[in-house]
Amino acid sequence: MANIKDVAQRSGVTVTTVSRVLNNRGYISEKTRNNVYKAMEELDYQPNELARALFRRKSNLIGFIIPDVAHPFFAQLTRDIEYYAYKSGYKILLCNAYNDSKKEQDYIDMLKRNQVDGIIMGSHTLEVSEYLNLRLPIVAIDRYLSENIPYVASDNYNGGILATKLLIEKGCKNLAHISGPLTLNTSANRRCEAFVRVANENKIPYVVTETRINNFDKEEYERLIYKLFKENPDIDGIFASSDMIAACIVQVANVLEKSIPRDLKIVGYDDINIASLIVPSLTTIRQPIKQIAKLAMEVLINQIDEKKVEHENILPIELIERRTT
């Protein structure tokens with residue numbers, strides 16, 4: 001396998017000159033640059049990316065930690081993060097933590113070994129201190145970690161307001177909200193706060209049910225929904241904290257022969273692709289997933305470049321009415 005000395009010898013320059021060409025440092029004539037590139041091609045020389053990263057103190061690698069790439073929201077977010085990263089000259093190391101704190105820690109250790117320039121954090125299993133100790137640029141998705149770590153989220157509170165008000169305007173008298181785990185310090189919990197506030201202001205009885213931490217198990221969702229209907233048979237309106245949960249509600253309602261939207265009205269959150277594909281199509285709160293990805297990359301790159309960034313980055317949501325209301 002060819003090395004940098006072979007390239008220098010073939011192109012008739014010093015090893016230092018070859019290194020300067022590889023790292024684009026200092027003045028190099030076009031003729032010399034072309035000679036080095038030609039020698040590299042002839043020798044099939046592949047630069048050691050890690051060595052170059054150490055030399056430049058920059059790897060152009062970004063770590064992206066998510067709970068489950070199979071979840072449609074994170075699948076869409078991953079696609080958009082990769083697109084904007086590549087467009088900005090970075091590549092993504094995708095870490096699918098799958099709700100496992102040990103696995104998430106292993107991935108963090110791997111990212112440090114690979115000299116990543118920064119991390120976008122979309123998982124919620126580790127303690128905040130694990131991220132604070134990294135001393136790397138970090139952007140969190142939908143989670144407040146500390147005053148020193150910026151985060152990007154949709155306007156969860158307003159989303160909860162719009163969803164709950166719509167259910168009441170459509171005539172619902174007994175409401176339910178299926179939320180994510182409220183023990184976590186996530187901005188998504190603001191959806192629940194808004195639901196409770198609007199229900200109380202309108203004197204509408206309600207129940208709140210939580211899913212488990214980072215739980216994206218369809219069968220678990222269905223068990224939770226069956227239990228909800230068994231214990232609260234009069235529920236006629238549900239605000240689900242994700243479209244995946246909302247889709248499961250539609251499925252269970254069909255089994256229980258509840259007519260949608262006559263007997264039961266449903267509002268989801270995210271507006272992932274399945275929201276418009278299920279029958280009946282889902283009324284939901286649209287998160288601007290593409291804009292979240294773009295802004296997360298911008299905030300992270302600005303940190304890498306040691307520019308000032310906003311700590312809180314909130315993007316507007318939109319109510320999308322379809323057939324479940």
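**Figure 1. Twelve and twelve: the protein has 12 helices and 12 strands.** Helices (H or I, at least four residues) and strands (E, at least two) are DSSP runs, numbered from the N terminus. This is a predicted model, in which local features need pLDDT of at least 70, side-chain atom pairs count only at pLDDT 80 or more, and totals for chains, interfaces and linings use all residues. Residues are numbered from 1 along each chain as its sequence is written, and side-chain values use heavy atoms, with hydrogens and water left out.

**Figure 2. The C-alpha atoms of the protein fill a box of roughly 85 × 35 × 35 Å, taken along the principal axes.** Among contacts (heavy atoms within 4.5 Å) between residues at least 6 apart in sequence, 69% join residues at least 24 apart.

Figure 3. Is Asp243 buried or exposed? Asp243 is buried, yet has no salt bridge, a term that stands for a side-chain nitrogen of Lys or Arg within 4 Å of a carboxyl oxygen of Asp or Glu. The nearest side chain of opposite charge, Arg322, is 6.2 Å away; here Lys and Arg count as positive and Asp and Glu as negative, while His and the chain ends are not counted.

**Figure 4. A look at the residues that Asp243 touches.** Leaving aside residues up to four places away in sequence, Asp243 touches Gly268, Tyr269, Asp270, Asp271, Ile272, Ile274, Ala275, Leu282 and Thr284.

Terms used:
Buried means under 20% relative accessible area, exposed over 50%, partly exposed in between (1.4 Å probe, protein chains only).
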